[in-house]
Amino acid sequence: MRLSRSLSALLGKSRLLQAALVVGFWLAGETLVRVLGIPLPGGVIGLALMLVLLATHRLETGSVRRGAEWLLADMLLFFIPVALAVVDHRELLGFTGLKILFVILASTAAVMIATALAVDRCFRWRAAHVRDAIASR
Amino acid sequence: MSAMPLLLAEPAAHALAWSVATIALYAGAKRIYRRWPRWWLMPLLVTPVLLGALLLGLHASYRDYIDGTGWLALLLGPATVAFALPIYEQRALIRRHWPVLLVGMIVGSFTAIATSWGLATLVGIDGAMRLSLLPRSISTPFALAVSGDIGGLPDLTAIFVIITGVAGAVLGDLILARLPIASAMARGALFGIGAHGAGTARASQIGETEGAVAGLVMVLVGLMNVLVATLAVRLL
């Protein structure tokens, strides 16, 4: 189902149409999840669909790039409404909030240190032992 | 009754007002941060704080607010789909370095889940609150999906994801200043796995490879967590 030339040309011009196409993939994913009873979020299935079409060159990156980048750049705006539930969770403003803050700070530091050390060791080991793993540092 | 209060009582007018307020504050915060990039001016932090103050000041409930802005949250679905583009564009990086990336993702996820659980237990946080803390390192749309799956509260997780993002962007710099990390790959993974989107933005400022790696591992680790959580919930 290669997109027709005129449609591609139209998509290339409009960021809004490209975003609408991404929304289309999401709706397709949601539909598949409902109909087939897949236990995954519809967005993940939509992502898989779009990735397959991109990888098989049935969809050109130029037809979705600006729309997708727009959605990703302003993703922050989409989850701020959910986070405002904080006004319904007054317990977070007291001592519990401090405890949560401690857990998040300590855990995030641990994740960063562990990840960086693991990746760094692994990367250096591969660079020394696997020929085609030599890459920009 | 005059026309004005009647108009304001309309649910549609309420919805519009809250949506406009959210988008306007977000756009304004983004501009200010572009001009003065300080961590405490991150739109991630400033926008919810200002909106929260507005909500409390107007004695509005979260229900009123989310009824009007729920459509914005719905766009997280298409945003998840949009991640297909960076995955496709970084396919060369995946092909060449997948074992290293995979090790980082597994170590990072395990550390995130284990330390969140352990530390929460240590300070006496349990139940749904503790479960809501587990997926906070991964990108929002994935984190909310995992949170609901494992019995956490997605709205609490959204708050924890934000705190992690702000904390991670600051902590990342502090850690890199003390830890001798030679490879750009490891610096990118540190930000992408530790602090999702906020970390990725910081990594992009450090270097191109760092930014690309951070963005990629952020998406892949989110997907991995969703798949593992789904599987675990079905099997256990």
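Helix 2 of chain A (residues 15-36) supplies the largest share, three residues, of a nonpolar surface patch. This is a predicted model, in which local features need pLDDT of at least 70 and side-chain atom pairs count only at pLDDT 80 or more, while totals for chains, interfaces and linings use all residues. Residues are numbered from 1 along each chain as its sequence is written, chains are lettered from A in the order in which they are written, and side-chain values use heavy atoms, leaving out hydrogens and water. Helices here are DSSP runs (H or I, at least four residues), numbered from the N terminus.

Let us stay with the patch for a moment. A:Leu32, A:Val35, A:Leu36 and A:Leu49 make up its area of about 360 Å². Patch members have over 30% relative accessible area and no salt bridge, and nonpolar side chains (Val, Leu, Ile, Met, Phe, Trp, Tyr) are joined within 5 Å; a salt bridge would be a side-chain nitrogen of Lys or Arg within 4 Å of a carboxyl oxygen of Asp or Glu. The areas come from the Shrake-Rupley method with a 1.4 Å probe. A:Leu49 sits in helix 3 of chain A (residues 42-55), and its 30% relative accessibility makes it partly exposed, the class between buried (under 20%) and exposed (over 50%).

Next, the pockets. A pocket is an open set of points on a 1 Å grid where a 1.4 Å probe fits, with protein on both sides within 12 Å along at least five of seven lines; its lining residues have an atom within 4 Å of a point.

Nearest its centre, among 28 lining residues, are A:Val86, B:Leu45, B:Val49, B:Ile159 and B:Ile163. Its lining comprises 24 nonpolar, three polar and one charged residue.

Finally, look at B:Gly77 in helix 5 of chain B (residues 76-82). With a relative accessible area of 13%, B:Gly77 is buried. Its C-alpha atom is 7.1 Å from that of B:Pro141, 64 residues apart along the chain.

Definitions and conventions
Patch = residues over 30% accessible without salt bridge, like charges linked within 9 Å, V, L, I, M, F, W, Y side chains within 5 Å. Helix = DSSP H or I, 4+ residues; strand = E, 2+ residues; numbered from the N terminus. Buried < 20%, exposed > 50% of the residue type's maximum accessible area, 1.4 Å probe, protein only. Nonpolar A, V, L, I, M, F, W, Y, C, P; charged D, E, K, R; others polar.
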